[in-house]
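This report describes selected local features of one protein chain.

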Amino acid sequence: MEKVFDNKLLTLNLTDSYLRDYSHIKIGIKADYLFAPKEVSILSQIIKQAKTSNVPVLALGGCSNVLFGNTKDRVLILDKELPHNINFEDKNVKVSGNANINYLISLAANRDLGGLEFLSGIPAHISGLTKMNAGAFGSEISKFVKWIEIVNTKGEIKKLHSDQIKWNYRKTDISDYILSVCFRLSSIEKVKINQLCKKYISIRKIKQPLNYPNLGSIFKNPPFYSAGELIDKCDLKGTKKGDAEISSKHANIFINRGKATFSDMQYLIELARNEVYKNFKIDLELEIQVIN
C-alpha cells in the first residue's frame, strides 16, 4: 500500500502500535496502516489519497465499541492527535469529534447546561457516539445534534445539518469522518446535572461488569425484547471461550478476562446469535463494530 500514500504522509503520521492498546476490550493485533494525524489538513490528505486508490478508511475514536480482527488492506485513522476544541455560544456547544463525552458533560454542567447526562460513564468520543446515534435510559444523542462537520472522501470539509442525517436506532447514514458536532443543550442547574450523572453511573456499575475490559452491549435490542434477556434465557451467562466470557452479570456484555483473542470473542458472538435464533427465531443485530 506504499504506492497509495506519499512518503511524507507515511513517515510523519504512521504509528507502530497494537490495536489492543486502543480498544476498550483490549483485543487487536498490529495494523499495517494506522495513522495518527495532528492536523486536519493532513487528515484530509490521507482520506483523499486512500479514496483515489479505492482503499477503505476506518475512523477510530475512543474505540469503546470496536472489536478488531484482521485489518489488512484498510486504512485506520486515530483521532487522538487532532486538535481538541470545545466552544460554547449561549446554549450551543461546538465540540471536536475526539472529545470525551464525560468531559463535555462536566464542562457543560459548569455552565448549567445539560441534556447528555444519559451518556455519563460511557468511555467514548463524541464522533463515535454521534455516528451510532448512541442512546440510553430512553434518550438518544440525535435529539441534541444541530449539525456535524465532516471530511468527505474528496478531503473536503462540509457541514451536515441534523435533518440531512438519517437517524435510526443505534445507527446513522454518516459515512464520512466526523470532525466536530454542534449540540443544542438545555438549561439545567449543575446540581441536578450532577445528580443525574451519579444516578446513571451508579446504575451502570450495578448492572454492568465494569471491572473487566468490554465493549458495552454487543447486540441491539430487537423490537419488544431485550437482547440480554434473550441470551440469558438461552442459559449462556458465564459461558467462556478462552479468556472471553459472556458476563454472568449482564448477558449482552462480553468481557475479556485477560488474553482473549478475536476468534474467542467471535465464537461467543456467533454462539449467542445462533442460540437466540434457534430458541426464539429472532436474529440479533450487532451494536458493536466488528472489523475483520
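## Helix H3

Helix H3 spans residues 101-109, and its buried residues are Ile 101, Leu 104, Ile 105, Ala 108 and Ala 109. Seen down the axis of H3, these residues fall within an arc of 130°, so they line one face of the helix. The arc is taken from the directions that run from the helix axis to the C-beta atoms. Buried means under 20% relative accessible area, exposed means over 50%, and partly exposed lies in between (1.4 Å probe, protein chains only). Helices (H or I, at least four residues) and strands (E, at least two) are DSSP runs, numbered from the N terminus.

The buried residues of H3 pack against strands E5 (86-89), E6 (92-96), E7 (113-114) and E14 (177-184), and against helices H4 (126-131) and H5 (190-207).

## Basis of the model

The model is predicted: local features need pLDDT of at least 70, side-chain atom pairs count only at pLDDT 80 or more, and totals for chains, interfaces and linings use all residues. Residues are numbered from 1 along each chain as its sequence is written, and side-chain values use heavy atoms, with hydrogens and water left out.

## Aromatic rings

The whole structure holds three aromatic pairs. In one of them the ring centres of Phe 137 and Tyr 200 are 4.3 Å apart and the planes are at 25°, so the pair is stacked. Phe 137 lies in the loop between strand E8 (135-136) and strand E9 (139-140) and Tyr 200 in helix H5, so the pair ties together parts 63 residues apart in sequence. Rings of Phe, Tyr and Trp (its six-membered ring) pair if their centres lie within 6.5 Å; planes under 30 degrees apart count as stacked, over 60 as edge-to-face and the rest as tilted. Phe 137 is partly exposed at 39% relative accessibility, while Tyr 200 is buried at 13%.

Lys 159 lies over the face of Trp 147, 4.1 Å from the ring centre. A charge sits over a ring if NZ of Lys or CZ of Arg is within 6 Å of the ring centre and within 35 degrees of the ring normal.

## Strand E2

The covered face of E2 carries Leu 58 and Leu 60, and the uncovered one Val 57 and Ala 59. E2 runs parallel to strand E4 (residues 75-78), joined to it by four bridges. Val 57 stands opposite Val 75 in E4. Two strands pair if DSSP finds at least two bridges between them.

## Loop residues

Gly 61 lies in the loop between strand E2 (57-60) and strand E3 (66-68) and is partly exposed at 22% relative accessibility. Leaving aside neighbours within four places in sequence, Gly 61 is in contact (heavy atoms within 4.5 Å) with Asp 79, His 125 and Ser 127. Gly 97, in the loop between E6 and H3, is buried at 2%. Residues touched by Gly 97 include Asp 79, His 125 and Ser 127.

Ser 23 belongs to the loop between helix H1 (7-13) and strand E1 (34-35). Ser 23 is buried at 0% relative accessibility, and touches Cys 63, Val 66, Phe 68 and Leu 215, not counting residues up to four places away in sequence.
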